[in-house]
Amino acid sequence: MATIAVRSASRNEESAVSALITLAFATDPMARWSLRDPQAYLAVMPELIRAFGAAAYESDSAYVSEDGGGAAMWLPPGVEPDIETLDRLIQENADPAILPDVGAMFDAMARYHPEVPHWYLPLIGTDPARQGQGIGGALMRHALARCDRDGVAAYLESSNPRNIPLYQRHGFEILGTIQFGSSPVLTPMLRPPRPDAG
C-alpha cells in the first residue's frame with residue numbers, strides 16, 4: 001500500500017476541511033442523535049466543527065491527507081473547544097427532549113478530560129467514499145508522532161464504536177463510557193506518550 005502523506009491545513013482551507021468532516025460524521029451515532037434532522041445537521045455541523053476544532057489552525061494541528069480523503073483537528077495542551085458556542089448551537093438546534101441528556105454528556109466529558117497536559121482530538125474523519133484505505137491511520141500516526149516528540153499524552157472521545165479498534169491499535173486505552181438517557185455511548189480514551197516510539 002502506498003504511503004499516505006499528511007500535512008497541516010491552512011486557515012484558508014477551513015471550508016474544505018469542514019465539508020470533509022461533515023460528510024464523515026453524517027452517520028456518526030452521536031452527531032446524528034444530537035442533530036437528527038438532515039437539514040439541521042447539514043446547516044449546523046460546520047458551525048459545530050468550527051466551535052470544536054478551529055483553534056487547531058493556530059497550532060498547525062489541523063491535518064489533512066494530501067489527497068483530500070481525510071482530516072483531523074487536534075487541540076494542543078491548554079487549548080479548549082469553544083464550549084459556549086457548542087452549547088448555544090445544541091440548545092438552538094437539538095430536539096428539546098434530549099437537551100438534559102446532552103448537558104449531562106458535556107458534564108461527563110469535562111470530568112474525563114485528563115488533568116495532565118495533553119493533545120485533544122475532537123474531530124477526525126474520512127470521506128465515506130474513501131473509508132478503509134488507511135487514511136485514518138495515517139492521520140493518527142502523523143499527529144501521535146508530534147505527541148511523542150513533545151512527551152505529551154493524547155486524549156479523545158470516540159463517538160462511534162466502529163472506530164475504537166483503530167484508536168486501540170494506536171495505543172489509546174478506554175477510560176470508561178459516557179451514556180445518558182437515549183444517547184449513544186461515548187468512549188473516552190487516553191494514550192500515554194511514547195518518547196521512544198520514533
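This report covers helix packing and selected residues in a predicted model.

## Helix α1 against helix α3

Helix α1 covers residues 14-24, and helix α3 covers residues 38-53. Two packed helices are described by the angle between their axes and the distance between the axes. For α1 and α3 the angle is about 120 degrees, and the axes lie 9 Å apart. The two helices are therefore oblique to each other. Their crossing is right-handed.

On the α1 side, the contact is made by E14, S18, I21 and T22. On the α3 side, Y41, L42, M45, P46, I49 and R50 take part. By class, this contact holds six nonpolar residues, two polar and two charged.

An α-helix has 3.6 residues a turn, so residues three or four places apart point the same way. The α1 contact residues include S18 and T22. On the α3 side, M45 and I49 are among the contact residues.

## The buried side of α1

Which residues of α1 are buried? They are E14, V17, S18, L20, I21, T22 and A24. The α1 residues that touch α3 include E14 and S18, and both of these are buried.

## Helix α3 against helix α4

Helix α3 also packs with helix α4, residues 83-93. Here the angle is about 160 degrees, with the axes 9 Å apart. That makes α3 roughly antiparallel to α4, because angles over 145 degrees count as such. The crossing of α3 and α4 is left-handed.

Helix α3 brings V44, E47, L48, A51 and F52 to this contact. Helix α4 supplies T85, L86, L89, I90 and N93. By class, there are seven nonpolar residues, two polar and one charged.

## T126 in strand β4

T126 lies in strand β4. Is T126 buried or exposed? T126 is buried, with a relative accessible area of 13%. That value falls under the 20% cut-off for buried residues.

Leaving aside neighbours within four places in sequence, T126 is in contact with L20, A24, G69, G70, Q131, I135 and G136. I135 and G136 are buried residues of α6.

## Helix α6

Helix α6 covers residues 135-150, 16 residues in total. At 1.5 Å a residue, α6 should span 22 Å. The end C-alpha atoms of α6 are 23 Å apart, which agrees.

The buried residues of α6 are I135, G136, G137, A138, L139, M140, A143, L144, C147 and D148. Just after α6, G151 takes a positive phi of about 65 degrees.

S158 is found in strand β5, residues 153-158. S158 is buried, with a relative accessible area of 2%. Beyond neighbours within four places in sequence, S158 is in contact with N163, I164, Y167, V185, L186, T187 and M189. The C-alpha atoms of S158 and L75 are separated by 16 Å. These two residues are 83 residues apart along the chain.

R169 lies in helix α7, residues 164-169. R169 is exposed, with a relative accessible area of 62%. Where does R169 stand relative to G137? The two are 32 residues apart along the chain, and their C-alpha atoms are separated by 9.1 Å. G137 is one of the buried residues of α6.

How values were computed:
Residues are numbered from 1 along each chain as its sequence is written. This is a predicted model: local features need pLDDT of at least 70, side-chain atom pairs count only at pLDDT 80 or more; totals for chains, interfaces and linings use all residues. Side-chain values use heavy atoms; hydrogens and water are left out. Axes are lines fitted to C-alpha atoms, for helices over the stretch in contact, and angles run from 0 to 180 degrees between N-to-C directions. Helices (H or I, at least four residues) and strands (E, at least two) are DSSP runs, numbered from the N terminus. Angles under 35 degrees count as roughly parallel, over 145 as roughly antiparallel, 65 to 115 as roughly perpendicular and the rest as oblique. A crossing is left-handed if the near helix is turned anticlockwise from the far one by less than a right angle, and right-handed if clockwise. Contact means heavy atoms within 4.5 Å. Ala, Val, Leu, Ile, Met, Phe, Trp, Tyr, Cys and Pro count as nonpolar, Asp, Glu, Lys and Arg as charged, and the others, Gly among them, as polar. Buried means under 20% relative accessible area, exposed over 50%, partly exposed in between (1.4 Å probe, protein chains only). The expected span of a helix is 1.5 Å times one less than its number of residues.
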